[in-house]
Amino acid sequence: MSEPSDKKTKSPVCGAGSRKLSSAEQAWEKNTLAPTLAKSAERQKEFTTTSSYPIRRLYSEADLAGWEPARDLSFPGEPPYTRGIHPTMYRTRLWTMRQFAGFGTAEDTNQRFRYLLAHGQTGLSTAFDLPTLMGYDSDHPLSEGEVGKCGVAISSLADMEVLFDQIPLADVTTSMTINSPAAVIWAMYLAVAEKQGADWKKISGTLQNDILKEYIAQKEYIYPPEPSMRLVIDTFEFGMKHTPKFNVISISGYHIREAGSTAIQELAFTLRDGMEYVEWAMRRGLPVDEFTPQLSFFFNAHNDFFEEIAKYRAARRIWYKAMTERYQSANPRSWALRFHTQTAGCSLTAQQPMNNVVRTAIQALAGVMGGTQSLHTNSLDEAWALPTEFAATVALRTQQIIAHETGVTNTVDPLGGSYFVEALTNEVEQGAWEYIRRIDAMGGMVAAIEKSYPQREIAEASYRYQMAVDRKEKIIVGVNEYVTPEKPIELLQIDETVARRQAARLSKLRAGRSSVEVDRRLQALRKAAHSSENLMPFIYDAVKSYATLGEICEAMRTVFGAYEELSVT
Amino acid sequence: MPEKKIRVLIAKPGLDGHDRGAKIIARALRDAGMEVIYTGLRQTPDMIASAAAQEDVDVIGLSILSGAHNTLCPQLMKLLHEKGMDDVTVLVGGIIPEADIPALKQAGIAGIFLPGTSTQDIIEFIHKRLAPAH
């Protein structure tokens with residue numbers, strides 16, 4: 001692939017140039033505004049977004065110089081998709097209400113899944129515990145104290161069979177938040193689907209599988225970038241051939257934002273991650289028009305309503321330009337950026353937790369006004385623990401209220417054409433392109449990560465934000481203002497019996513399987529890892545022999561080595 | 001004679017990689033004039049106790065968001081005791097349900113800081129706690 005690293009897009013990006021006021025606006029400033037300001041000054045000298053992006057008093061035609069509606073706004077379902085990827089959006093089909101859930105053992109989570117489906121949830125989303133995310137079995141010494149705590153513990157195909165018991169994978173779409181061991185967990189999922197008799201060509205769901213944002217933000221990596229990227233591209237290739245409806249990756253800004261980035265950084269790093277995957281896959285020889293329709297995205301919905309909406313609209317425009325201009329894609333299915341949204345966990349407060357219902361509702365509304373394809377709303381108790389059933393139900397009901405009671409679903413892109421929203425969309429897009437070009441100049445995202453560039457940018461932004469909160473320049477209700485004494489709320493408790501039950505199940509599994517067969521298949525996997533063969537078939541074989549997650553990840557670790565980051569503080 | 005700087009080890013025990021809080025605290029304490037050593041991710045209690053001994057720190061700050069505090073904190077306190085390091089002030093910040101706080105204090109954790117704590121509060125706590133020695 002001959003992608004010059006400093007290549008620029010051909011399409012112009014409108015940004016905040018100098019504002020040339022119309023004579024009417026000049027007259028308004030003189031006759032109406034000036035006397036008001038003379039009487040009483042505004043509350044603050046400067047108004048900024050949650051990301052500290054400056055916002056002007058009034059937006060008008062003057063902010064849209066160079067903006068061409070036919071080119072930059074267009075119509076829904078048409079390039080550059082600013083107004084959404086479907087012509088009718090939520091008038092035809094609401095977004096998928098996909099609540100992220102997982103705790104304890106596979107049985108515990110299976111029960112919660114079935115509860116959520118019974119209450120009108122339309123898709124599943126699996127949270128795995130930390131040992132699973134790091135590729136360790138529940139009985140590994142490093143798993144002590146962590147089993148089933150942050151999600152469900154899955155150590156083998158046997159656990160996966162329990163997790164999806166009585167849930168028809170042919171009909172329900174499932175998202176799985178798993179990254180370093182994504183190929184292994186996906187192989188387990190496909191094995192369960194096969195056992196249920198579901199057709200791989202028809203099943204749909206999403207594998208997070210986004211290793212780049214792990215190095216950048218969430219830090220659940222196992223292997224160094226090179227072999228990790230190989231595993232990701234292996235899943236792309238496998239998915240293209242065998243599961244054409246499955247999203248093989250969910251390129252995630254969510255965790256980047258949670259780590260403290262600004263909205264523009266979230267957008268820029270996520271989209272540049274997306275470009276990195278496309279480029280690695282093209283270097284492997286995958287045809288751009290064939291694998292890219294299976295790429296999906298995942299963004300955060302933070303507090304600043306309009307900044308978030310502008311971010312989603314700009315994301316679609318950037319991806320369209322990247323696909324058509326950088327990669328010459330001819331397939332419209334590759335052009336339209338599809339995304340999941342989750343409300344901002346980092347915005348929730350431990351203090352006055354009921355207020356979190358309000359925060360979450362406003363954030364979710366931004367996701368919907370920004371045209372999301374699916375949505376998770378956080379529960380009010382998540383600054384304390386995983387949600388109780390009560391809290392999880394309120395969160396789901398929040399989405400249902402937005403969908404059925406507010407009226408925002410009646411029309412497509414209700415904010416389209418707003419001076420403020422269009423200007424902010426342009427500016428956010430411009431800010432993101434600046435970052436993208438900087439990363440191009442560094443030689444791409446893997447190179448930038450190795451230089452700690454995105455990590456450092458995020459750490460800076462997160463520190464600035466915390467200082468602004470500490471100085472009360474930013475007010476957080478119930479935290480640094482409007483503080484009241486409180487009583488503790490009821491929380492979900494995960495006890496250590498989960499770890500014991502998991503350990504017992506694992507020793508029974510190990511005793512009951514053919515260790516000769518397990519060894520043979522792990523050996524085959526190790527051998528393939530040394531070659532350049534696609535590892536998915538070998539991982540699938542190992543999974544079917546009930547080799548555990550830990551054994552499979554360890555087999556690859558012996559070949560690939562482990563990654564240690566250079567910590568930036 | 002210049003006052004000896006307070007030495008702090010910021011550590012992320014367990015498998016969790018969410019290091020936003022740990023990094024902010026490390027930087028805020030450094031900006032407040034302390035010597036700060038950050039261990040990086042995935043430190044076992046053993047590694048943390050050894051690093052604390054080697055660096056001769058006055059304070060250990062643990063950042064735990066994963067719910068593993070009831071396992072990890074007592075393990076660390078036991079190791080510090082075995083090394084004769086009972087005088088080291090151990091603080092925990094992160095997601096700690098209130099019900100777990102008494103047992104952690106019992107185990108010897110000097111301060112527990114929940115979400116929403118300002119960096120200034122932590123700085124003041126450390127200064128007060130170490131006042132007689134420094």
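In this predicted model, Leu62(B) of β3(B) is the bridge partner of Ala11(B). That bridge belongs to the pairing of β1(B) with strand β3 (residues 59–64) of chain B, which is parallel and runs over four bridges.

Strand β1(B) also pairs with strand β2 (residues 35–38) of chain B, again in the parallel sense and over four bridges. Here Val8(B) is placed opposite Val36(B) of β2(B).

| Strand pair | Sense | Bridges |
|---|---|---|
| β1(B) and β2(B) | parallel | four bridges |
| β1(B) and β3(B) | parallel | four bridges |

Strand β1 (residues 7–11) of chain B is largely enclosed by the rest of the structure, because four of its five residues are buried, a residue being counted as buried when 20 or more other C-beta atoms lie within 10 Å of its own.

The second topic is the contact between the chains. On chain B, 27 residues are in contact with 31 residues of chain A. Two or more residues each come from the elements α1 (20–31), α3 (69–82) and α5 (119–129) of chain B on the side that touches chain A. Of these elements, α1(B) gives the most, with five residues. By residue class, the side of chain B that touches chain A divides into eleven nonpolar, ten polar and six charged residues.

Conventions
Residues numbered from 1 in each chain as written. Chains lettered and ligands numbered in written order. Predicted model: local features only at pLDDT ≥ 70, side-chain atom pairs only at ≥ 80, totals over all residues. Contact = placed C-beta atoms within 7 Å. Nonpolar A, V, L, I, M, F, W, Y, C, P; charged D, E, K, R; others polar. Buried ≥ 20, exposed ≤ 12 C-beta atoms within 10 Å, placed from the backbone. Pairing = 2+ DSSP bridges.
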